[in-house]
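Trainee: I have a model open and would like to learn how to read its side-chain features. Can we go through some of them?

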Amino acid sequence: MDYATLKLIWWGLVLFMLVGFVVLDGFDLGIAMLLPLVGRDDEERRLVINSVGPVWEGNQVWIIAGAGALFAAWPLVYAAAFSVLYVPLIVLLFGLFLRPVGFDYRSKLEHAAWRRWWDRALVAGGLLPTLVLGAALALVMQGLPFRFDSALRLHYGPFDLHGRFIAAVMLCVVAALLLHGASFLHVKVEGAVAQRGRALAMGLGGLVSGAYLLAGWQLAALPGYALAPGLATDAALSPLTKLVTLHPEGWLANYRATPALWLVPLLGAVLPLLSALLAWRRLPRLGLLASGGACAAMLVSVAIALFPFVLPSSLDPGSSLTLWDGVSSFKTLAIMLGIVLVLMPINLGYTLWVYRVVRGRIDRAQLRRRSHQLY
């Protein structure tokens with residue numbers, strides 16, 4: 001296997017881990033945001049929380065795996081992204097911190113005010129990370145303000161914010177995870193909570209598709225980059241050895257060069273509507289698959305639009321990082337690939353086993369019977 005192939009494989013692996021986080025932890029975040037909308041009393045809110053009780057910790061591991069893979073496989077991308085987005089990522093972490101303490105402490109006391117404040121913490125723990133992830137995704141697509149000097153030291157500048165585009169992406173991300181969470185509740189919970197989840201899923205499908213199309217329309221107006229031909233992709237490259245030019249077709253150039261790729265954003269636009277339709281037809285499992293597929297298609301469509309860029313720079317296009325020049329050495333990538341080939345099947349098998357063990361719906365009777373064992 002040559003170096004260029006190994007670089008491409010790691011691009012796919014990092015994308016796979018990010019998709020895993022969005023699909024699996026996405027409904028956790030969506031359910032947390034929906035908590036005050038679908039849970040009208042304490043028992044219903046406990047049903048909502050315990051619908052993800054056995055799986056939320058495992059789902060959250062995917063973002064840790066993605067960040068770890070980013071650090072090892074793309075150290076320059078890790079350094080630049082985590083430095084420029086330091087404040088948003090700190091907000092993201094504090095939002096994620098609210099989730100374990102919210103799950104663990106909410107039901108320790110039966111006092112109404114105590115549980116009400118922890119409910120608010122759980123909502124914040126779902127909303128804050130979702131907003132930050134949406135904003136970070138939009139900022140990456142419009143380019144982050146960093147550049148490298150001749151010694152590969154990082155320098156930073158002011159953000160050139162495209163407010164409408166950022167707002168459209170954030171709306172799309174929030175709406176998509178709300179749809180995913182509502183679809184999961186329709187599958188996992190019995191009674192009135194499931195029906196409220198179904199009603200929300202039917203209403204959110206159109207909003208998600210509309211926000212996604214709006215974000216795509218805004219993206220078409222942003223400048224996109226292109227690599228000059230002749231780059232030796234199978235060699236160890238410095239980020240400063242390439243020539244980057246503005247592409248007249250922006251970030252949609254890959255789609256126009258390969259029309260078959262339009263199938264991915266098409267799925268991103270159609271699957272939310274299909275999820276809403278399946279909720280209306282009372283086919284919750286298929287609706288959940290459709291909402292998860294929509295989240296995956298949307299993220300993959302972004303990766304295709306940016307390819308081969310991973311972290312564009314708005315300050316100096318030549319400092320933009322690609323999958324060809326932002327990576328670790330051949331030996332590092334090869335050793336890590338061997339580790340992944342061993343551990344990833346174990347992780348996937350364990351995840352499938354857990355979901356099989358905890359399959360089935362949760363209802364009020366089960367909650368009352370196992371009250372001291374559940375959140």
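Trainee: Which residue lies over the face of Tyr 3?

Mentor: This is a predicted model. In it, Lys 7 sits over the face of Tyr 3, at 4.3 Å from the ring centre. An α-helix has 3.6 residues a turn, so residues three or four places apart point the same way. Another charge over a ring is that of Arg 120, which lies over the face of Trp 117 at 4.4 Å from the ring centre.

Trainee: How many aromatic pairs does the structure hold?

Mentor: Two rings are described by the distance of their centres and the angle of their planes. The structure holds 16 aromatic pairs. One of them is stacked, because the rings of Phe 27 and Phe 184 have centres 4.2 Å apart and planes at 5°. Phe 27 belongs to helix α1 and Phe 184 to helix α7, so this pair ties together parts 157 residues apart in sequence.

Trainee: Is Phe 27 buried or exposed?

Mentor: Phe 27 is buried, at 4% relative accessibility. Phe 184 also counts as buried, at 7%. Tyr 105 and Trp 118 form a stacked pair too, with 5.9 Å centre to centre and 20° between the planes. Here Tyr 105 is partly exposed, with a relative accessible area of 41%.

Trainee: Where does Arg 106 lie?

Mentor: Arg 106 is in the loop between α5 and α6. Arg 106 is buried, at 2% relative accessible area. Its side chain makes a polar contact of 2.6 Å with that of Asp 42. Arg 106 also touches other residues, including Arg 45, Arg 46 and Trp 118.

Terms used. Residues numbered from 1 in each chain as written. Predicted model: local features only at pLDDT ≥ 70, side-chain atom pairs only at ≥ 80, totals over all residues. Heavy atoms only, no water. Helix = DSSP H or I, 4+ residues; strand = E, 2+ residues; numbered from the N terminus. Buried < 20%, exposed > 50% of the residue type's maximum accessible area, 1.4 Å probe, protein only. Polar contact = N/O pair within 3.5 Å; in protein donor to acceptor, adjacent residues only side chain to side chain. Contact = heavy atoms within 4.5 Å. Phe/Tyr/Trp six-rings, centres within 6.5 Å; stacked < 30°, edge-to-face > 60°. Lys NZ or Arg CZ within 6 Å of the ring centre and 35° of its normal.
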